[in-house]
Amino acid sequence: MKCIFCDIVAGKQEAHLIYEDKTHIVILDKYPIQWGHSLVIPREHHEKIIDLSTDAVSSLFSKVPVVARALLKATGADGFNIGQNNGKAANQIIPHVHVHIIPRYEKMGNPWKRRMIAKDEELKELAIRIRNFMESI
Ligand SMILES: [Zn+2]
């Protein structure tokens, strides 16, 4: 089965990388809900969070605050949402488990539904900026 996140992990598909280690990668969402919308993705393919071991879930979520801190610094966002969708009915678009971190800006309201189409150049710059704020996980 073709999986875009597995392709990104394997280096077959480009993405704007914020962070990577032996078990996870963190990338910018190509179709962000808000500027800086990021995805924490385990390298190993599993569809849903219920398919992961407890340790794998712990490891996955341990990345979230570190990424969020860097995102807040890099974007100047006022807050952020964490999202984790499981199954089509829950609006999981890519069937490879991942956690959304969505920066929120007081002045921009809360447009859950709208998405932008980000420009590669802008995403590239932002990824570099966020990487500079990343602490070790
Ligand atoms: Zn996959």
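1. A disulfide is a pair of cysteine sulfur atoms within 2.5 Å. Searching the whole structure for such pairs gives zero disulfides.

2. This is a predicted model, in which local features need pLDDT of at least 70 and side-chain atom pairs count only at pLDDT 80 or more, while totals for chains, interfaces and linings use all residues. Residues are numbered from 1 along each chain as its sequence is written, and side-chain values use heavy atoms, with hydrogens and water left out.

3. A zinc ion is held by four protein donors: Cys3 (SG), Cys6 (SG), His45 (ND1) and His96 (ND1), at 2.0 to 2.3 Å. Donors are N, O and S atoms within 2.8 Å of the metal (3.2 Å for Na, K and Ca); water is not among the atoms, so sites may look incomplete. The angles among the four donor atoms run from 104 to 117°, and the site is tetrahedral (four donors with all angles between 85 and 135 degrees).

4. Along the chain the zinc donors have the spacing C-x2-C-x38-H-x50-H. Cys3 sits in the segment before helix H1 (4-9) and His96 in the loop between strands E4 (79-83) and E5 (99-104), so this pair ties together parts 93 residues apart in sequence. Helices (H or I, at least four residues) and strands (E, at least two) are DSSP runs, numbered from the N terminus.

5. Cys6, at 25%, is partly exposed. Buried means under 20% relative accessible area, exposed over 50%, and partly exposed in between (1.4 Å probe, protein chains only).

6. The largest pocket holds about 640 Å³ of space. A pocket is an open set of points on a 1 Å grid over the protein atoms alone, where a 1.4 Å probe fits, with protein on both sides within 12 Å along at least five of seven lines; lining residues have an atom within 4 Å of a point. A volume is the space filled by probe spheres set on the points, which are joined across faces, edges and corners.

7. Of the 27 residues lining the largest pocket, Asp29, Lys30, Tyr31, Leu39 and Arg115 lie nearest its centre. H1 gives the most to this lining, with three residues.

8. The second largest pocket has a volume of about 180 Å³. Its lining includes Lys22, His24, Arg43, Glu44 and His46.

Definitions and conventions: Tetrahedral: all angles 85-135°; square planar, octahedral: opposite > 155°, others 65-115°.
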